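Subject: Structure for your files

Hello,

Here is the structure I said I would pass on. My notes on it follow below.

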Amino acid sequence: MHHTSILRFGLILASALVLLAGLVMFAIFQSRPQGQTAPEELDKPVMATQIEFLADAMQGSSARIAAHPQTLACFVTAAPEVCQAQAANLHALNQEATVLFVTDGQRQLLPGFLPGDTRRLLANAGRGGAGGMASATFNLSVSHPVMGSDGKRLGFVIVEQSVPQLQALFDTLPLPDAAAYAELQQSQSNEASMVLMRRGNQAVKRNAQPTLIELAGTPWRIAVWRPVTPVAESVAPYVLGWLVASLVVAILVLSFTLAVRNRVTDSLRVMVKLTNDVRQQRLRADYPVSLAEFQTPLETMLKLGKVMLGRQKEVSSLARLDHLSQVNNRRSFDEKQKELFATMKDGWSHSLLILDIDNFKQVNDTFGHEAGDQLIIKFGNALKHCLRNSDFIARLGGDEFCVLFPYTPLDRAQELAERLRANMPESVELIPGVTQKLSWSGGLSEYSREDKGENEALARADAALLEAKRGGRNATRIRAAA
């Protein structure tokens with residue numbers, strides 16, 4: 001089965017969130033405000049409307065002058081006084097404008113100088129139909145044909161007027177941004193354009209196509225070049241934003257994942273510690289965990305551990321007790337003897353007493369095994385009541401018992417053996433109607449640092465027991481270490 005770690009889950013979550021952040025950033029990039037078209041961005045009415053209004057007014061004025069009877073009289077009679085009188089009247093009405101009368105053969109009727117632009121206008125006059133032509137630099141010139149009563153064209157009325165506010169209007173022209181470039185151009189007869197004014201970053205002109213804004217009624221137009229932003233530059237802020245967001249998300253997710261993993265690991269260690277303690281048959285007072293999710297399982301495991309430990313202790317205790325006399329068995333005796341013998345190197349003294357119940361075989365043969373079992377039980381109880389709590393009592397087998405006197409020298413053990421014999425009951429009831437005198441024979445010895453094994457002291461005590469039996473029983477013999 002494939003195993004997945006908490007850290008792997010954290011990496012997957014971080015990757016998913018980074019991808020989500022990328023999708024969100026892409027959506028923001030796609031929904032960003034798009035730049036408006038140049039005609040909408042440029043406030044055309046600010047500049048163009050005034051010029052177009054002036055051109056329209058001049059066109060209407062030239063039409064009215066061309067249709068005026070005195071103007072017709074000037075063209076028909078070609079009388080200087082008539083033409084001069086009309087010119088004086090027109091000058092009185094509009095002193096800022098210059099009015100020229102020109103015959104159809106381009107012969108000047110009134111004294112004055114025709115500018116070069118005006119001459120080009122006259123050269124192209126008539127090619128555009130009856131609507132007239134217009135040309136200008138910083139002056140605006142408008143022509144209108146003069147028609148006779150028979151419908152024949154007699155000549156042209158040319159009205160010229162300066163546009164002093166043109167520079168100021170162009171300077172206030174709103175550009176799409178600070179890096180844009182604009183030109184005020186005038187159309188030429190050869191389809192070329194003459195630049196009258198320029199403004200902005202001219203370097204933009206090399207890499208971009210212009211947006212043209214025609215000024216109706218004039219030969220002018222506005223050309224605007226907008227800087228072309230490279231795709232990399234337009235995308236770069238969003239990519240940088242995504243990288244920063246991804247870094248923040250990754251740090252937060254990985255920090256959270258590591259914190260959770262550490263807490264889970266700590267809680268698992270506590271549970272392993274509990275399992276190990278149960279195995280070693282011990283439990284601590286507290287098993288703290290940092291995650292609430294582990295608290296309930298740990299409490300359940302702790303309860304089960306207590307039950308198991310109780311049962312293990314009960315089984316262990318039963319395994320160490322003699323089932324009949326309810327004192328320690330031979331296995332417990334061997335372990336305790338080995339433990340005491342190991343302390344001899346530290347200078348401690350220990351003694352042991354082997355006891356045999358007198359006439360036990362006779363009791364079994366006379367009253368049966370039930371009476372013999374009762375004698376063992378009663379003898380074990382008497383030993384437990386007459387000895388110290390620190391003394392270790394064990395049944396080695398049959399009617400043979402042994403008492404270990406920990407940290408007790410031989411002379412003190414002899415006193416304890418004599419007190420035991422004095423305090424033992426004289427008789428015990430085995431079965432209803434059967435009472436048996438209680439006596440025992442004993443062999444006393446001590447452990448020695450010279451012994452090669454712990455059983456050497458037991459052998460000496462056993463030899464002393466044999467001497468007590470051969471000497472008439474109901475006595476204790478002592479055999480000290482050599």
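This is a predicted model: local features need pLDDT of at least 70, side-chain atom pairs count only at pLDDT 80 or more; totals for chains, interfaces and linings use all residues.

Two strands are taken as paired if DSSP finds at least two bridges between them. On that basis, an open sheet of four strands has the order E6-E5-E8-E7, and its pairing is antiparallel. Strand E6 (193–200) and strand E7 (211–214) are at the edges; each has a single partner strand, so one side of each is left without a neighbour in the sheet. The twist from one strand to the next averages 25°. Within this sheet, strand E5 (residues 181–187) and strand E8 (residues 220–225) run antiparallel and are joined by six bridges.

The five-stranded sheet

Another open sheet is formed by five strands in the order E10-E11-E9-E14-E15, and here the pairing is mixed. Its edges are strand E10 (392–397) and strand E15 (476–478), each with a single partner strand, so one side of each is left without a neighbour in the sheet. Neighbouring strands of this sheet are turned by 20° against each other on average, direction ignored.

E10 and strand E11 (residues 400–405) run antiparallel, with five bridges between them. In this pair, Ile393 is opposite Val403 in E11. On its other listed pairing, E11 is joined to E9 by six bridges, again in the antiparallel sense. There the bridge partner of Ser351 is Phe405 in E11. E9 also pairs with E14, antiparallel, over seven bridges, and Ile357 stands opposite Trp440 in E14.

Two helices are worth noting here. Helix H10 (residues 330–342) lies across E10 and E11 and runs at about 130° to E10. Helix H13 (residues 410–423) packs on the sheet, where it touches strand E9 (351–357), E11, strand E14 (440–446) and E15. The direction of H13 makes about 165° with that of E14.

How many of the seven residues of E9 are buried? Seven of the seven are, so E9 is largely enclosed by the rest of the structure. In a regular strand the side chains alternate between the two faces of the sheet. In E9, Ser351, Leu353, Leu355 and Ile357 point one way, while Leu352, Ile354 and Asp356 point the other way, and all are buried.

Asp356, which lies in strand E9, has a relative accessibility of 6%. Buried means under 20% relative accessible area, so Asp356 counts as buried at its 6%. Apart from neighbours within four places in sequence, Asp356 is in contact with Asp399, Glu400, Ser439, Trp440, Ser441, Leu465 and Lys469. Trp440, one of these contacts, is also the residue that stands opposite Ile357 in E14.

A surface patch

Leu13, Leu17, Leu19, Leu20, Leu23, Val24 and Ile28 form a nonpolar patch on the surface. Together these residues have about 620 Å² of accessible area. Leu17, one of the patch residues, is located in helix H1 (residues 6–30). Is Leu17 buried, exposed or partly exposed? With a relative accessible area of 31%, Leu17 is partly exposed.

Regards

Note on methods
Residues are numbered from 1 along each chain as its sequence is written. Side-chain values use heavy atoms; hydrogens and water are left out. Patches are made of residues with over 30% relative accessible area and no salt bridge: like charges are joined within 9 Å, nonpolar side chains (Val, Leu, Ile, Met, Phe, Trp, Tyr) within 5 Å. Accessible areas come from the Shrake-Rupley method with a 1.4 Å probe; for residues, only the protein chains shown count as cover. A salt bridge is a side-chain nitrogen of Lys or Arg within 4 Å of a carboxyl oxygen of Asp or Glu. Buried means under 20% relative accessible area, exposed over 50%, partly exposed in between (1.4 Å probe, protein chains only). Axes are lines fitted to C-alpha atoms, for helices over the stretch in contact, and angles run from 0 to 180 degrees between N-to-C directions. Contact means heavy atoms within 4.5 Å.
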